[in-house]
Amino acid sequence: MKKKMNIIIAIIAISFLQGLQLSISPVLRQIAEHFPEVDDSLIQMLITIPALVAMVIALISGWMVTKISKKKLLLFAALISGVSGFLPFIADNFNLLLFSRAFYGVGLGLAMTMNTAVVAEFFEGPERVTAMGIQAASVGSGMVVSTTLGGVLGSFGFEKAYLLHIIGFIAFVILLVCLPDTGKTVPTKTEKVRLNKRVYLVSVVGFLEWIFLITFNTNIAMHISGSLAGNTSVSGILTGIFSGSQIVMGLILGAITKKTKNFTLPVAMVSLCVGCGILVIFPSNLIMLMIAALFCGFSQGMFVPTGMVMVSNAVPQVATAMAAAVFSCVMNFGQFLSPILLNNASKAIFGEVTTSNVYLLSTVGISIAALYAFYLSATDEEGRKQYENN
């Protein structure tokens with residue numbers, strides 16, 4: 001019991017590393033004002049470029065677990081996450097900001113992949129769903145801390161939000177003490193690092209979800225209008241609610257999946273559709289913006305852990321890190337492409353790039369993607385059998 005509790009603590013520490021991705025989301029407006037010569041798409045890439053780097057690192061880490069233990073990889077991820085947050089204090093330069101975020105992406109990629117691999121290694125069956133829910137709740141908690149404090153610290157200067165990366169050093173100590181070192185993963189004749197069709201289908205759905213889901217964090221600080229515009233505390237509150245709702249969803253995920261069963265992923269996508277729709281209609285109403293943040297956060301809190309459970313259940317134990325890597329990779333690729341695709345689509349369709357147009361495109365796009373996900377879920381016999389057995 002004590003061993004599993006230590007593992008849960010380690011999982012929470014890893015999840016807080018992931019939460020740092022959104023630490024500067026509340027201060028994007030100040031960064032844009034501080035560097036007026038920089039295009040908005042590049043400003044938004046401060047959120048998405050870690051995902052691009054993480055995509056590459058995730059794929060590599062799926063192979064690296066056969067050479068280096070998960071614990072050592074995670075300790076390295078924690079150190080990188082800590083160091084990357086202090087690079088922006090070297091000079092007042094946007095390229096340095098961008099590099100520091102890309103450098104953090106190395107730690108993010110390792111954390112995302114290894115977190116799922118750790119859960120899959122130590123937990124089985126329904127216990128795995130519960131553990132993955134705790135993981136999602138922990139990521140949400142990390143995002144709440146990062147985004148809320150990021151907004152508060154950002155009021156004293158946008159660069160102060162980067163101080164939150166001290167979390168990386170704290171996580172390093174926790175992982176060193178709490179996470180067992182089980183050595184590198186060793187393939188056998190019966191269990192090889194090999195994926196199957198189900199992993200790729202779930203990953204495609206993950207790609208579609210994240211193209212539209214990440215728009216909440218990349219646009220919300222610049223979307224709020226009226227008397228709320230430019231208020232970092234408000235954007236911090238909204239991103240905090242987005243993250244906090246993941247905590248709630250993570251804690252009740254087991255109960256939710258018993259009801260939604262094989263349709264959990266499309267249900268999560270419908271939740272995102274509702275949230276984006278509210279953002280389009282009520283950009284200056286704080287209460288409605290908070291409700292929108294809640295629905296968007298529910299979507300992430302439901303989608304990511306469920307997708308991770310599905311891909312890890314689809315392969316042998318030795319291949320779980322690679323399955324998680326592929327799923328993480330395509331989600332991160334979706335994050336990276338999001339501002340490029342949606343901003344260009346907004347300009348082509350509406351003649352200009354605005355946050356309202358982006359959220360409108362997200363509403364329509366995720367609705368179509370949800371229909372596709374419903375179809376896949378309805379025809380997924382293997383997934384239905386797994387839920388019936390549990």
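Modeller: Leaving aside neighbours within four places in sequence, Ser138 is in contact (heavy atoms within 4.5 Å) with Ile12, Ser15 and Phe16. This is a predicted model, in which local features need pLDDT of at least 70 and side-chain atom pairs count only at pLDDT 80 or more, while totals for chains, interfaces and linings use all residues. Residues are numbered from 1 along each chain as its sequence is written, and side-chain values use heavy atoms, with hydrogens and water left out.

Biologist: Which helix does Ser138 lie in, and is Ser138 buried or exposed?

Modeller: Ser138 lies in helix H6, residues 125–154, where helices are DSSP runs of H or I with at least four residues, strands are runs of E with at least two, and both are numbered from the N terminus. Ser138 counts as buried because its relative accessibility is 5%, and buried means under 20% relative accessible area, exposed over 50% and partly exposed in between, with a 1.4 Å probe and protein chains only.

Biologist: OK, what about the largest nonpolar core, how many residues has it?

Modeller: The largest nonpolar core has 122 residues, and those with the most contacts inside it are Ile31 and Phe94; such a core is a set of buried Ala, Val, Leu, Ile, Met, Phe, Trp, Tyr and Cys residues joined through side-chain atoms within 4.5 Å. Helix H5, residues 94–122, gives the largest share of this core, 15 residues.

Biologist: And what does Phe94 touch?

Modeller: Not counting residues up to four places away in sequence, Phe94 touches Ile31, Phe35, Val38, Leu42, Ile43 and Leu46.

Biologist: Changing topic, how many helices and strands are there in the chain?

Modeller: The chain has 15 helices and zero strands. Its radius of gyration, taken over C-alpha atoms, is 20 Å, close to the 21 Å that the globule rule gives for 390 residues, so the chain is as compact as a globular protein of that length; that rule is 2.2 Å times the number of residues to the power 0.38. Of the 390 residues, 58% count as buried.

Biologist: Last one: which helix has the lowest mean pLDDT?

Modeller: Helix H15, residues 381–389, has the lowest mean pLDDT among the elements of the chain, at 58, whereas helix H11, residues 264–281, has the highest, at 95; pLDDT is the predictor's confidence in each residue, from 0 to 100. The chain averages a pLDDT of 85, and 93% of the residues score at least 70. Where pLDDT is low, the predicted coordinates should not be read in detail.
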